[in-house]
Each structure stands twice: as C-alpha cells, then as structure tokens.
Amino acid sequence: MLNKYTKKICGYISVYFGTTADAPVVADYDGDGTADLAYFRDTNGLWKVKTISSVYFGTSVDQPIPADYDGDGTTDFAYFRNSNGLWKVRSFTSIYFGVSTDEPVPADYDGDGAMDFGYWRPSGILWKVKGVTRVYFGLSDDEQVTNPYVE
C-alpha cells in the first residue's frame with residue numbers, strides 16, 4: 001500500500017527516506033536475506049533503518065562501515081575513525097587498527113562468515129587484514145576494490 005512518502009513509477013516504488021546530506025548504508029540489518037533502506041547522519045551519529053531501528057552511534061568524523069562482523073547473519077552498525085585508526089562495532093568490539101591515511105576495506109577474507117578488519121594504505125600499496133594477512137599489491141595510484149557482501 002502506498003502512502004504519502006511513496007509513489008509508484010513504471011512499476012517501481014520510490015521511497016523518500018532521509019535527506020541529501022545523509023550517507024546511504026543499505027545492508028541486511030534484520031537477517032532476512034534482503035537489503036534494508038538505511039542511512040547514517042553524521043551531524044548527530046544517527047543510523048536509521050527503515051521500519052527496523054534508529055540508533056545513535058558515531059560522530060561527524062566517523063566513516064560508516066556496516067557489515068556482519070560477528071557472523072550472525074545480520075549487518076552490524078560500525079564505523080572507522082581515521083584520525084586514530086579506531087574501528088568500532090556496536091555491541092561487539094572496538095579496536096585500533098590503521099592510521100589516518102588508511103582506507104577501511106572490511107570483507108570476509110578468511111571465509112569464516114564474519115567480516116574481517118582490513119585496510120588499504122595507498123601510499124605504501126599495503127593491504128593488511130587483522131589476524132589474516134599483510135601484502136604489498138598494486139601501485140600507489142591504483143584504487144582499491146572489494147565487495148564485502150560477496151560470500
């Protein structure tokens with residue numbers, strides 16, 4: 001059923017959710033196998049998942065990196081604070097791993113069903129995955145590519 005916040009166009013439904021300043025963080029937050037509409041609002045650390053939850057977690061200096069870090073089949077609220085290399089996963093863990101120039105690249109690098117903490121350091125072409133590996137690969141002007149949702 002359509003309401004005032006939705007409209008049907010060419011057989012698809014458009015949903016108005018969030019603002020232009022919000023960062024989309026679409027993922028499977030309820031574990032039902034389908035992606036849920038979600039955003040992160042950095043001005044106040046709000047994570048809003050449509051029809052599921054609202055959580056305040058993070059600040060304007062944090063980069064949202066939602067993924068299934070605990071392997072339970074649902075996406076966890078998580079961020080990377082590059083100013084000090086802090087990775088924080090709500091209700092699970094927080095670790096310091098990386099420096100300000102690193103780019104977080106979480107993925108399931110070891111195949112255990114849970115996302116691993118990983119970063120790519122463009123200046124040194126270093127890929128490092130906590131507890132798994134460290135490798136120099138590529139050139140400094142390359143762009144890293146990972147897909148954390150492929151299992």
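Modeller: Quick term before we start: buried means under 20% relative accessible area, exposed over 50%, and partly exposed in between (1.4 Å probe, protein chains only). By that rule Arg-81 counts as buried, at 18% relative accessibility.

Biologist: What kind of model is it, and how are residues numbered?

Modeller: It's a predicted model, where local features need pLDDT of at least 70, side-chain atom pairs count only at pLDDT 80 or more, and totals for chains, interfaces and linings use all residues. Residues are numbered from 1 along each chain as its sequence is written, and side-chain values use heavy atoms, with hydrogens and water left out.

Biologist: OK, how many salt bridges are there?

Modeller: Three, taking a salt bridge as a side-chain nitrogen of Lys or Arg within 4 Å of a carboxyl oxygen of Asp or Glu.

Biologist: What does Arg-81 pair with?

Modeller: Asp-62, at 2.6 Å from N to O. Arg-81 is in strand 8 (residues 78–81) and Asp-62 in the loop between strand 6 (53–56) and strand 7 (63–64), so the pair ties together parts 19 residues apart in sequence. Strands here are DSSP runs (E, at least two residues), numbered from the N terminus.

Biologist: And is Asp-62 buried or exposed?

Modeller: Buried, with a relative accessible area of 6%.

Biologist: Which residue does Asp-22 bridge to?

Modeller: Arg-41, with the closest N and O atoms 2.8 Å apart. Asp-22 is buried at 10%, while Arg-41 is partly exposed at 22%.

Biologist: Then what's the partner of Asp-102?

Modeller: Arg-121; their side chains meet in a salt bridge of 2.6 Å, N to O. Asp-102 counts as buried, at 3% relative accessibility.

Methods
Helix = DSSP H or I, 4+ residues; strand = E, 2+ residues; numbered from the N terminus.
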